[in-house]
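This briefing walks through one structure, topic by topic. Keep the model open while reading.

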Amino acid sequence: MSAEKFPLDKTRNIGIAAHIDAGKTTTTERILFYTGRVHRIGSVDEGTATMDWMPQEKERGITIVAAATSCYWRRLHDGELFRINIIDTPGHVDFTAEVERALRVLDGMVAVFCGVGGVEPQSETVWRQANKYRVPRIAFVNKLDRVGSDFFVVVQQMRERLGANPVPIQLPIGRESDFRGVVDLIEMRAIYWTDELGTQMAFGSIPDDLKDWAVEYRQRLVETAAEQEDALMEAYFEQGDLTPEQIRRGLRLGTLSFRLVPVLCGSALRNKGVQPLLDAVCDFLPSPLDIGVVHGTDPRTGEPIERPLTDEAPLCALAFKIQTDPYVGRLVYVRLYSGVLRKGEAVYNPAKDTNERIMRILRMHANYREDVDEARAGDIVAVVGPKVTMTGDTLCDRRHPILLERIEFPEPSSSASLRRRTAPTRRRWWKPCRNLPPKTQL
């Protein structure tokens, strides 16, 4: 199946966001490895991470600019294939504008929390940004292999500091250096990773010392899922329990309506917990069809417009990032909300009241480029050709114009300007010539 015609209901556009050093890029690196997008696990500390491609990122071991990629994942419990478009965002407060522009165009978010640091200042910032753009999210408590990590403390901090309703769907097996697996509360089983790379998963019974905890948290999980829909509540009263499929349905409804946040756990660096996280992305985060419509205004009349997120609707895309590439020149990153964008065609920019020619369409994998002939609703691609389009501009069909809301960036925390202490002195650009020959000899 070609990527250009992949079903929208099996497409996920997500961002990975967190405080600096919570493990976002490491988690993304494992996602790319387990989905087969890369065949070797890169390291942030060694400067070999796929998504940290800039020399400055490799040198400092931090993410500076948001990087986009895509991969495919076959869900563990039923084998369905999904396409996941990912934007790995920076965690440092100085680059929070990169998070802002990413969340403006994404449908869902994975919030990564350090098992030791818990909810940190930038965690609160990205959470508020996700609230601002109404982005459903799931949480991944990372680094549970480190000394001082505590899954339950982090869940409590999410409730107190973020005002969220975290719902654990996993429990850790072991603590700190003894961390070796998770309890899957939906299927009520233990999951272990038996090889160093984490590619081999073993399913077994729940350890005896965790059975009481698992039963208690499973009961809370079932009750929370049943509260999300009347049909699920009736099934719960009739059966006294819910099936795994019913639990997933309830959690999905609660996630999309912002009533709850599913919480998973693991250690990305130790290659534990990433595959269930991918399943949770497919199970609980929205597809473009779940978003339904995109809202904009008619640039001619100012009247509000709704555009369905389908290939059949007129073209509507938002430019959310401008980047200069040393090989292809000016790249404009766009999120397609509706319609089909084809190479060589002209599109309309209502903010600048001009047409722009699309010369190339590129699917990005960090700094690697793949040429494609067209992009469809739900895609995130980079285009070459637009000359005057800026961040926040809309690209659409001239016959059906629409103007989307622009991206609002936070005010800088500090600003400075430089100027010369004294005015520059005027210098002669010529020097008088000496020992010139007499005029008669000129």
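Which residue with a positive phi follows H1? That residue is Gly36, with phi near 85°. The model is predicted.

**Helix H1 and what follows**
- Helix H1 covers residues 24–34 and is mostly covered, with 11 of its 11 residues buried.

**Nonpolar cores**
- The largest nonpolar core has 108 residues.
- Ile84, Val110, Phe113, Ile138, Met158 and Leu251 have the most contacts inside this core.
- Helix H9, residues 274–284, gives the most to this core, with seven residues.
- Another core lies apart from it and has 15 residues, among them Leu315, Val347, Val372 and Val381.
- In soluble globular proteins, nonpolar side chains tend to be buried together.
- What does Val110 contact beyond its neighbours within four places in sequence? Its partners are Ile14, Gly15, Ile16, Ala17, Ile138, Phe140, Leu277, Val281 and Leu285.

**The sheet S7 to S10**
- Four strands make an open sheet in the order S7-S8-S9-S10, with antiparallel pairing.
- Its edge strands are S7 (170–173) and S10 (201–204), and each pairs on one side only.
- From one strand to the next, the twist averages 25°.
- Strand S9, residues 189–193, pairs with S10 in the antiparallel sense over four bridges.
- Ile191 has Phe203 in S10 as its bridge partner.

**Leu197 in the loop**
- Leu197 sits in the loop between S9 and S10.
- Beyond residues up to four places away in sequence, Leu197 touches Phe33, Tyr34, Ile41 and Asn271.
- Leu197 and Tyr34 are 163 residues apart in sequence, yet 9.5 Å apart in space, C-alpha to C-alpha.

**Gln157 in helix H5**
- Gln157 belongs to helix H5, residues 151–161.
- Why does Gln157 count as buried? Its relative accessibility is 14%, so it falls under the 20% cut-off.
- Gln157 touches Gly117, Gly118, Val119 and Leu162, leaving out residues up to four places away in sequence.

**Helix H8 and its two partners**
- Helix H6 (residues 211–226) and helix H8 (residues 244–256) have axes that come within 8 Å and cross at roughly 60°.
- The crossing of H6 with H8 is left-handed.
- H6 brings Arg218, Leu221, Val222 and Ala225 to this contact, and H8 brings Ile247, Gly250 and Leu251.
- By class, the H6–H8 contact residues are five nonpolar, one polar and one charged.
- Leu251 of H8 is also one of the residues with the most contacts inside the largest core.
- Helix H7 (residues 230–239) packs on H8 at an angle of about 145°, with the axes 11 Å apart.
- H7 and H8 also cross in the left-handed sense.
- Leu232, Ala235 and Gln239 of H7 meet Gln246, Arg249 and Gly250 of H8.
- The contact of H7 with H8 has two nonpolar, three polar and one charged residues.
- Gly250 takes part in the contact with H6 and in the contact with H7.

**Strand S19 and its partners**
- Strand S19, residues 360–365, is mostly covered, with five of its six residues buried.
- S19 pairs with strand S22 (residues 380–384) in the antiparallel sense over three bridges.
- S19 pairs with strand S20 (residues 368–372), also antiparallel, over five bridges.
- Leu362 has Ala382 as its bridge partner in S22, and stands opposite Asp371 in S20.
- S19 and S20 form a hairpin with two residues between them.
- In that turn, Ala366 has a positive phi of about 60°.
- Strands of a sheet pair through backbone hydrogen bonds, either parallel or antiparallel.

Conventions:
Residues numbered from 1 in each chain as written. Predicted model: local features only at pLDDT ≥ 70, side-chain atom pairs only at ≥ 80, totals over all residues. Heavy atoms only, no water. Buried < 20%, exposed > 50% of the residue type's maximum accessible area, 1.4 Å probe, protein only. Core = buried A, V, L, I, M, F, W, Y, C linked by side-chain atoms within 4.5 Å. Contact = heavy atoms within 4.5 Å. Pairing = 2+ DSSP bridges. Axes fitted to C-alpha atoms, helices over the stretch in contact; angles between N-to-C directions. Left-handed = near helix turned anticlockwise from the far one by under 90°. Nonpolar A, V, L, I, M, F, W, Y, C, P; charged D, E, K, R; others polar.
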